[in-house]
Amino acid sequence: MVIRSIVAGVGAYLPARAVTNAELAALVDTSDDWIVQRTGIRKRHLAAEGELTSDLALHAGRAALDAASMSARDLDLVIVATATPDETFPATATRVQAALGMTRGAAFDVQAVCSGFVYALNVADNFIRVGQYKTALVIGAETFSRILDWKDRTTCVLFGDGAGAVALRAAEGEGGKKDRGILSNHIHADGRHHDMLYVDGGPSTTQTAGYLRMQGREVFRHAVTNLSAVIDEALAANGMTAAEIDWLVPHQANQRILESTAKKLDLPPEKVIVTVDQHANTSAASIPLALDSAVRAGKIKRGDVVVLEAMGGGFTWGASVIRW
Ligand code: UT7
């Protein structure tokens, strides 16, 4: 017998305001055509003034708990994956914990930018597997609109705000690939690539939050290579082939990255969950937002093999294999 983390519920939240490409074309020298052709993005949601990452996270977290029929009293752990915390400290997760009315257990943030959700899921799964906790709420929440240079057309058109969450619960499994729950997680980092994707500020450098800077073409190139390698690693660890994947739920950065990854795996496009057109790149929130949309659309069903993958600043990247 082994302990597995079952995904008991999924939730998501998007700020009310949706902004189209045409609206951005009034701000910077870009066009709907360029954005759609190069990225697949059609719109993104932006947080209202005063609406914080913790607000988005709380909505998504509550929705995941409701879907799991769990209450904050049942929770042992809250992790928020974010690169846009409310404040430098304390962790955004502690604000969410307080707002949920949870007065026990642990709460902290995980920072791995766009790979943050996979990293946080790995951390929560490990706590559950070793028996330290029985339940966890893992939230990916971001307000990237606050760290975008709205004069830089090469980055400001690419990102959006949002949050998604999963509620995890410990269950017993046999230890094989037929078990329900998270089967394995695989995370990586290579800090030599800092300059390709970073924020040019922070408490220790400029004492300001700074703005996102990216060498998009280089990030793209690394993303395609690293993502297919980590998916191969994840499948091999479970003795699976790509044909056994029911749903690929990728980090949503660029439609062309999603297509090349699926092509490398020989996976039909219908098995890839795509939300980049609707949400743009919401960093750590993109995978749980995509999971929520696929679950609510009735696509992901109990017993399905779901593979998550992401790549982001650091570089960091990773994948998780889940039997739903
Ligand atoms: O989530 C973390 C991971 N992040 C990613 O995975 C992002 C990966 N990168 C990408 O998605 C793509 O590289 C981008 C969408 C960022 C850029 O697409 P690209 O096909 O790599 O374009 P490019 O950077 O090579 O730029 C092509 C041209 C340039 O003009 P010149 O030098 O050819 O004259 C850019 O200045 O497109 C120009 N350009 C734009 N034109 C209109 C760049 N941004 C824009 C824009 N509107 N918004």
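These questions and answers look at one strand and some salt bridges in a predicted model.

Q: What makes the contact between D190 and R192 a salt bridge?
A: The closest N and O atoms of D190 and R192 are 2.7 Å apart, and a salt bridge asks for a side-chain nitrogen of Lys or Arg within 4 Å of a carboxyl oxygen of Asp or Glu, so the pair qualifies.

Q: Which parts does the salt bridge between K177 and E244 tie together?
A: The side chains of K177 and E244 meet at 2.9 Å, N to O. K177 lies in the loop between β7 and β8 and E244 in the loop between α7 and β11, so the pair ties together parts that are 67 residues apart in sequence.

Q: How do you know that strand β6 is paired with β4 and with β7?
A: Strands pair if there are at least two bridges between them; four bridges join β4 to β6, which run parallel, and nine join β6 to β7, which run antiparallel, so both pairings hold. Within β6, I139 is the bridge partner of V80 and stands opposite A165 in β7.

Key. Residues numbered from 1 in each chain as written. Predicted model: local features only at pLDDT ≥ 70, side-chain atom pairs only at ≥ 80, totals over all residues. Heavy atoms only, no water. Helix = DSSP H or I, 4+ residues; strand = E, 2+ residues; numbered from the N terminus.
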